[in-house]
Amino acid sequence: MKILLAEDDFASRKFMSRILNKYGEADITVNGLEAVDAFLMALDDDERYDLVILDVMMPMLDGYQVLSTIRKFETDRNFKPEERTRVVMTTALNEEINVKKAMEIGCDAYVGKPVNVERFEMLLSKMGFEPIK
Ligand SMILES: [Mg+2]
């Protein structure tokens with residue numbers, strides 16, 4: 001499976017990439033603009049991401065902006081709901097209003113930081129993703 005991680009904090013990036021590597025090939029981007037570029041490049045190459053892990057607070061474009069851009073790309077291409085990339089947002093902003101906003105834009109799940117590995121892996125499993133190693 002193909003995964004895209006967008007996370008500007010080095011420690012979080014290292015932590016998350018270690019988990020995600022168990023699930024497949026994880027591309028890593030360090031800000032929102034790079035994440036959008038990577039997503040679009042994968043779309044154009046017809047090698048779409050199965051899963052995007054998106055930090056909310058990032059430079060250039062924040063997670064909400066990246067998410068809405070991703071959903072727009074998909075809508076423009078007439079993707080069916082089941083063809084859309086699964087997006088999990090990760091953030092320390094756990095307030096209901098932030099969660100609601102992310103869900104409205106179209107994220108599939110919202111995970112509070114610090115990320116609990118066990119719970120995160122359980123979530124991925126519920127979404128149909130299992131480790132390959
Ligand atoms: Mg951040």
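I started at helix H3 (residues 63-76), where the buried residues pack against strand S1 (2-6), helix H2 (32-44), strand S3 (51-55), S4 and H4. Some ground rules for my notes: this is a predicted model, so local features need pLDDT of at least 70 and side-chain atom pairs count only at pLDDT 80 or more, while totals for chains, interfaces and linings use all residues. Residues are numbered from 1 along each chain as its sequence is written.

**Helix H3**

I looked up how the elements are set: helices (H or I, at least four residues) and strands (E, at least two) are DSSP runs, numbered from the N terminus. Next I wanted to know which residues of H3 are buried. They are Gly63, Val66, Leu67 and Ile70. They sit on the same side of H3, because they cover an arc of only 100° around the axis (the arc is that of the directions from the helix axis to the C-beta atoms). Here "buried" takes 20 or more other C-beta atoms within 10 Å of a residue's own, "exposed" takes 12 or fewer, and "partly exposed" is in between, with C-beta atoms placed from the backbone. On the other side of H3 I found Lys72, Thr75 and Asp76 exposed.

I checked the helix length too. H3 has 14 residues, which at 1.5 Å a residue should span 20 Å, and its end C-alpha atoms are 20 Å apart, so the two agree. The expected span is 1.5 Å times one less than the number of residues. Just after H3, Asn78 takes a positive phi of about 55°.

Val66 lies in H3. Why does Val66 count as buried? Because 29 other C-beta atoms lie within 10 Å. Leaving aside neighbours within four places in sequence, Val66 is in contact with Ala6, Gly32, Ala35, Val36, Leu54 and Leu61; contact means C-beta atoms, placed from the backbone, within 7 Å. I also looked at Tyr23, 43 residues apart from Val66 along the chain: their C-alpha atoms are separated by 23 Å.

**The core**

Which residues have the most contacts inside the largest nonpolar core? They are Val52, Ile53 and Leu54, in a core of 26 residues. S1, helix H1 (10-20), H2, S3, H3 and S4 each supply at least two residues of this core. A nonpolar core is a set of buried Ala, Val, Leu, Ile, Met, Phe, Trp, Tyr and Cys residues joined through C-beta atoms within 7 Å. For Ile53, leaving aside neighbours within four places in sequence, I noted contacts with Ile3, Leu5, Met16, Leu20, Val88 and Thr90.

**Strands around S4**

S4 (residues 86-91) joins S5 (residues 109-112) through 4 bridges, and the two run parallel. S3 and S4 also pair in the parallel sense, over 5 bridges; pairing needs at least two DSSP bridges between strands. I found Leu54 opposite Met89 in S4, and Met89 in turn opposite Tyr110 in S5. Val88 stands opposite Ala109 in S5. S4 is largely enclosed by the rest of the structure, because 5 of its 6 residues are buried.

S3, H3 and S4 make a right-handed β-α-β unit, and so do S4, helix H4 (residues 96-105) and S5. Right-handed means that, with the strands pointing away from the viewer, the path from the first strand over the helix to the second runs clockwise.

**Last stop: Glu25**

Glu25 is in strand S2 (residues 25-29). Glu25 counts as partly exposed because it has 14 C-beta neighbours inside 10 Å. Leaving aside neighbours within four places in sequence, Glu25 is in contact with Lys2 and Ile3. Ile3 is 22 residues apart from Glu25 along the chain, with 6.0 Å separating their C-alpha atoms.

Notes: Two residues are in contact if their C-beta atoms, placed from the backbone, lie within 7 Å.
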